[in-house]
Amino acid sequence: MTGKANREEAWRPATRLVRGGTERSPFAETCEGLFMTSGYVYASAEEAESAFKGEFKRYIYSRYANPTLTMFENRLAALEGAKICRSTASGMSAVFAALLAQLKSGDRIVASRALFGSCHFIVSELLPRYGVEHVFVDGTDMEEWRAALSRPTTCVFLETPSNPTLEVIDLSAVAELAHAAGARVVIDNVFASPVLQKPLRLGADIVVYSTTKHIDGQGRSLGGAILTDDETYVDDLLTPFLRHTGPSLSPFNAWLLVKGLETLELRVARQCAGARALAGFLAGGVGVARVLYPGFDSHPQHDLAMRQMTDGGTMVAFEIAGGRDGAFRFMNALDLIDISNNLGDSKSLITHPATTTHERIGPEERARLGIGDGLLRLSVGLEDVEDLREDLMRGLAAAAK
Ligand SMILES: *Cc1c(COP(=O)(O)O)cnc(C)c1O
């Protein structure tokens with residue numbers, strides 16, 4: 001630990017988000033530098049030889065490490081309270097690397113069924129090709145977790161709150177069962193963001209993000225991150241996997257993301273306040289069959305959500321009584337909120353999961369996950385909440401026709 005790292009550890013979260021991980025170049029720039037370089041040069045042949053032997057730490061090649069990426073990784077690690085962070089080119093490359101780095105033929109993975117579509121594909125279609133057995137459970141049913149984890153298991157993978165129904169899973173309880181079965185717990189913490197939920201403190205071993213969502217939060221870049229305190233996992237499994245398969249984040253995107261972190265806490269707090277207000281408005285709306293918002297005591301796992309998260313989140317799911325036609329009329333009547341499958345953006349976005357993000361899984365699986373044809377998912381942005389409320393009123397009026 002250097003003196004600099006000790007100083008940073010004493011900082012409170014808001015300070016860490018603005019200054020954590022900053023490494024100034026000899027030009028003494030105020031803003032974090034954008035090191036748009038693939039390689040690095042050596043003063044002598046001896047220095048190159050010694051660097052490759054690992055006799056001292058320096059940058060060798062940007063597939064391994066890059067100063068702008070290091071600044072982003074150290075700042076996100078400080079926010080998460082994790083020892084180690086590795087960035088990747090997208091959220092999916094983070095999920096893929098976090099899982100594939102540790103799984104091999106003959107291993108077993110237990111996962112919650114309510115996963116992001118591409119995560120579902122990795123677990124149910126890709127991993128079986130490599131001889132990894134998978135079991136899906138209903139994430140909210142502890143008996144299903146207990147039964148699935150009564151056998152030795154390599155890895156547990158889950159998402160909480162889940163997409164799009166905002167189901168909340170008891171992380172500490174699952175982690176206890178997983179550890180007893182010999183498994184590492186990997187959690188996709190995208191919906192809560194590192195501001196609202198710290199899974200490592202609740203027993204998870206590895207946290208993954210799509211930084212494309214709240215961390216960039218302004219719709220500019222794809223990116224991902226893997227965070228953990230498990231040095232053995234990183235040294236023996238993750239680092240070689242990343243180095244030799246190369247899902248590296250672009251320095252330009254890392255630079256956008258390190259600047260994104262500076263305002264993350266402010267944005268998420270404002271988005272949560274907006275989500276709470278709009279969820280309340282929708283709950284009283286004519287033609288709204290139900291509203292799912294973890295911050296409300298009407299949410300089936302509200303108490304658990306409030307133990308695990310510091311606020312209700314930036315996402316609201318709600319069911320329009322008029323089914324698919326009503327939901328489509330609602331979306332098409334909106335004048336401000338954009339129709340988009342993205343989330344966590346400064347612009348409010350709305351999605352019809354049954355015909356887009358969750359179309360592929362089919363009607364049976366959708367029914368099992370509670371994704372009805374009238375379900376809409378709203379990602380609340382940074383606009384004035386009154387403008388958003390007026391827009392939702394337009395949607396409700398059209399849906400009721
Ligand atoms: C978006 C998302 C991902 C994938 O991230 P990309 O950056 O799009 O690759 C994974 N999990 C969840 C929960 C997401 O919302």
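Colleague: Why is serine 193 called buried?

Modeller: Its relative accessibility is 1%. Buried means under 20% relative accessible area, exposed over 50%, and partly exposed in between, with a 1.4 Å probe and protein chains only. At 1%, serine 193 therefore counts as buried. This is a predicted model, in which local features need pLDDT of at least 70 and side-chain atom pairs count only at pLDDT 80 or more, while totals for chains, interfaces and linings use all residues. Residues are numbered from 1 along each chain as its sequence is written, and side-chain values use heavy atoms, leaving out hydrogens and water.

Colleague: Where does serine 193 lie, and what is its phi?

Modeller: Serine 193 belongs to helix α9, residues 193-196. Helices (H or I, at least four residues) and strands (E, at least two) are DSSP runs, numbered from the N terminus. Its phi is near 70°, a positive value in a residue other than glycine.

Colleague: Why is leucine 166 counted as buried?

Modeller: Leucine 166 has 2% relative accessibility, so it counts as buried. Its phi, near 60°, is likewise positive in a residue other than glycine. Leucine 166 is in the loop between β4 and α8.

Colleague: What makes tyrosine 61 and tyrosine 64 an edge-to-face pair?

Modeller: Rings of Phe, Tyr and Trp (its six-membered ring) pair if their centres lie within 6.5 Å; planes under 30 degrees apart are stacked, over 60 edge-to-face, and the rest tilted. By this rule there are six aromatic pairs. In one of them, the centres of tyrosine 61 and tyrosine 64 are 6.2 Å apart and the planes stand at 85°, so the pair is edge-to-face. Tyrosine 61, at 38% relative accessibility, counts as partly exposed; tyrosine 64, at 31%, also counts as partly exposed.

Colleague: How do you know that α5 and α10 are oblique?

Modeller: Helix α5 (residues 91-100) and helix α10 (residues 231-245) pack at about 130°, their axes 9 Å apart. Axes are lines fitted to C-alpha atoms, for helices over the stretch in contact, and angles run from 0 to 180 degrees between N-to-C directions. Angles under 35 degrees are roughly parallel, over 145 roughly antiparallel, 65 to 115 roughly perpendicular, and the rest oblique. The two helices, α5 and α10, are therefore oblique to each other.
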